[in-house]
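Student: I have a structure to study today. Could you go through it with me?

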Amino acid sequence: MSPARPTGEGGSTEKSYYAHMNLPEPVLPAPQVLTLLKGQTALVTGGNSGIGRAIAIALGRAGADVAVNYVAKPEDAEAVASEIRGFGRRALPVKADVSDEAQVQAMFAAAVREFGTIDILVNNAGMERNAPIHEMTAAQWDAVLGVNLRGAFLCAREAVREFLRRGVRPDVSVAAGKIIFISSVHEVIPWAGHVNYAASKGGLMLLMKSLAQEVAEKRIRVNSIAPGAIRTPINTAAWSTPEAYADLMKLVPYKRIGGAEEIGRAAVWLASDFTDYVVGTTLFIDGGMTLYPGFEAGG
Ligand code: BGC
């Protein structure tokens, strides 16, 4: 077990913010690793960066073989794969634009060829293309909806097809398959200046719930994780300067940014039989961000 470590928001001002707020230095917890997913296979979209990377590594550490999807930067996907191989698991970097039907089908075929089947899909790939609506191009709208919503549908459909084809493997899980959507607090919090992103995440919420209802009787469990402010490349501007970080903390009751590995741990738990009765729910992991009624981050 590695020690808890400071969340550190950078630079020499790191301590003074908390001192100023009269708060103890926040730490990311480092609990014991559990191999809850032994013998299972997973596919993580957008697995080469940010939250997806942390989830892919967490699943591997928990005993799963992992297909690591990427669309750019193959070297990052390869680095994630080799970390997973270091746990003694199999890993397959696989390139696909999740908004492209043929590429998604080819990706699932490759993963099934390599691992024999897929037990867990983590629909993580997502992007932001922010603009006020009077400046937002149709291309920005299409790109975000294409990856965040259409991509999630295309991957979920292929996963369900594979789960139905294979059925339950009682030696690895009591469920026939698990799908986890990586949504956002913005599935419920409106986000001015980000209508494409918020629309995609609001859409994901009912895609997830409708699908969960539809396939539950086949013993396929569908849920979402909705992260709040997590330190990743997608929101560097929101945490990389002390001023931005202080502004961000006004939105977070727990007064620290989240670490991507915290989302990874939750994904392991939600994919495991520990949560077999959890169906069609969104797990918010946001330090309480959704508890505030007025969210006004322009961003
Ligand atoms: C967005 C981040 C943002 C966070 C909280 C996420 O879904 O991708 O950019 O910091 O929500 O607003």
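Student: Where is the kink in H5 centred?
Tutor: This is a predicted model. In H5 the kink is centred on Gly146 and amounts to about 40°.

Student: And what are the limits of helix H5, and how many residues has it?
Tutor: Helix H5 covers residues 138-166, which makes 29 residues. From its first C-alpha to its last, H5 reaches 40 Å, close to the expected 42 Å.

Student: Which residue follows H5?
Tutor: Gly167 follows H5, and the phi of Gly167 is positive, near 75°.

Student: At what angle do H4 and H5 pack?
Tutor: Helix H4, residues 101-115, packs with H5 at an angle of about 35°, and the two axes are 10 Å apart. The crossing of H4 and H5 is right-handed.

Student: Which residues make that contact?
Tutor: H4 contributes Glu101, Val104, Gln105, Phe108 and Val112, while H5 contributes Leu154, Cys155, Glu158 and Glu162. By type, the contact of H4 with H5 has five nonpolar residues, one polar and three charged.

Student: Now the ligand: which residues come nearest?
Tutor: Of the 10 residues around the ligand, Ser184, Ala229, Ile234, Asn235 and Ala238 come nearest. The shell around the ligand holds five nonpolar residues, four polar and one charged.

Methods:
Residues are numbered from 1 along each chain as its sequence is written. This is a predicted model: local features need pLDDT of at least 70, side-chain atom pairs count only at pLDDT 80 or more; totals for chains, interfaces and linings use all residues. Helices (H or I, at least four residues) and strands (E, at least two) are DSSP runs, numbered from the N terminus. The expected span of a helix is 1.5 Å times one less than its number of residues. The bend at a residue is the angle between axes fitted to the seven residues ending there and the seven starting there. A residue is near a molecule or strand if its C-beta atom, placed from the backbone, lies within 6 Å of it. Ala, Val, Leu, Ile, Met, Phe, Trp, Tyr, Cys and Pro count as nonpolar, Asp, Glu, Lys and Arg as charged, and the others, Gly among them, as polar. Axes are lines fitted to C-alpha atoms, for helices over the stretch in contact, and angles run from 0 to 180 degrees between N-to-C directions. A crossing is left-handed if the near helix is turned anticlockwise from the far one by less than a right angle, and right-handed if clockwise. Two residues are in contact if their C-beta atoms, placed from the backbone, lie within 7 Å.
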